[in-house]
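My plan was to look up its packing, one item at a time.

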Amino acid sequence: MDILIIGIISYLMGSIPFGLILTKIFLKKDIRDIGSGNIGATNVLRAGNKTVGYITLSLDILKAVIPVIIVKIYYADYLYLASLCAFIGHVFPVWLKFKGGKGVATYVGILFAINIYFGIVFALSWFVIFAITKFSSLSSLIASVSVPVYLLVTGQFKDIFFFIIMFVLIFFTHRENIKRLKNKEETKTKIY
């Protein structure tokens with residue numbers, strides 16, 4: 001029974017569409033009609049209000065941190081289940097006909113909640129690649145693969161399979177971005 005409750009609660013927490021809610025409240029716009037149509041923080045930044053974009057980013061991170069930390073403390077055996085369900089909730093939210101965000105901010109929350117060093121590896125990789133290219137999507141892809149690479153290099157093989165799965169999922173959610181990057185049509189992002 002615990003496994004079912006943990007999975008459902010983590011999924012529902014992850015599925016809260018903060019990008020959509022905040023843009024409707026503060027910008028009187030539907031984020032799905034702007035830019036890529038994605039509900040995530042990067043597209044909210046494109047909506048023209050950096051404050052709303054950063055609040056979306058923070059809440060998308062937090063909605064993963066909360067269930068994952070609680071499960072880590074009380075039900076450690078289900079840590080990766082809670083993490084995966086929170087991520088899937090963001091990418092496939094039941095409230096929006098399963099059309100959600102790309103999961104990067106939620107994954108950042110998962111990483112920091114599991115192990116702060118994993119979060120730092122991701123964040124450093126993301127900022128280095130973004131400083132060079134200004135492509136949020138490319139930064140996210142490389143940062144996502146940097147975590148399993150870090151685990152390989154440091155000999156932490158125990159849980160590497162989960163992080164490889166997460167990279168594959170993020171690769172999947174960025175498939176359109178990958179096409180645009182390949183065709184040199186991807187939009188650069190201004191984060192400040």
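Which residues have the most contacts inside the largest nonpolar core? I noted Tyr 107, Ile 110, Ile 114, Phe 122, Val 147 and Phe 163, in a core of 25 residues. A nonpolar core here is a set of buried Ala, Val, Leu, Ile, Met, Phe, Trp, Tyr and Cys residues joined through side-chain atoms within 4.5 Å. Buried means under 20% relative accessible area, exposed over 50%, and partly exposed in between (1.4 Å probe, protein chains only).

Ground rules first. The model is predicted, with local features needing pLDDT of at least 70 and side-chain atom pairs counting only at pLDDT 80 or more, while totals for chains, interfaces and linings use all residues. Residues are numbered from 1 along each chain as its sequence is written, and side-chain values use heavy atoms, with hydrogens and water left out.

**Core**

I went back to the core of 25 residues. H4, H5, H6, H7 (116–133), H8 (136–153) and H9 (160–173) each supply at least two of its residues. H6 gives the most, with seven residues. Helices (H or I, at least four residues) are DSSP runs, numbered from the N terminus. I then listed the contacts (heavy atoms within 4.5 Å) of Phe 163. Leaving aside neighbours within four places in sequence, Phe 163 touches Tyr 80, Tyr 107, Leu 111, Ile 114, Phe 118, Val 147, Pro 148 and Leu 151.

**H5 against H6**

I took the two axes next. They come within 9 Å and cross at roughly 165 degrees. Axes are lines fitted to C-alpha atoms, for helices over the stretch in contact, with angles from 0 to 180 degrees between N-to-C directions. H5 and H6 are therefore roughly antiparallel (over 145 degrees). On the H5 side I found Leu 79, Tyr 80, Ser 83, Ala 86, Phe 87 and His 90; they meet Thr 106, Tyr 107, Ile 110 and Ile 114 in H6.

**H4**

H4 covers residues 50–74 and has 25 residues. Its span from first C-alpha to last is 36 Å, close to the 36 Å expected at 1.5 Å a residue (1.5 Å times one less than the number of residues). I logged its buried residues, among them Val 52, Gly 53, Asp 60 and Val 71. Their cover includes H1 (2–14), H2 (18–27), H3 (41–46), H5 (79–91) and H6 (104–114).

**Thr 56**

Is Thr 56 buried or exposed? At 0% relative accessibility, Thr 56 counts as buried. Thr 56 sits in H4. Beyond neighbours within four places in sequence, I found Thr 56 in contact with Phe 18, Gly 19, Leu 22, Ile 39, Gly 40, Ala 41 and Val 44.

Key
Angles under 35 degrees count as roughly parallel, over 145 as roughly antiparallel, 65 to 115 as roughly perpendicular and the rest as oblique.
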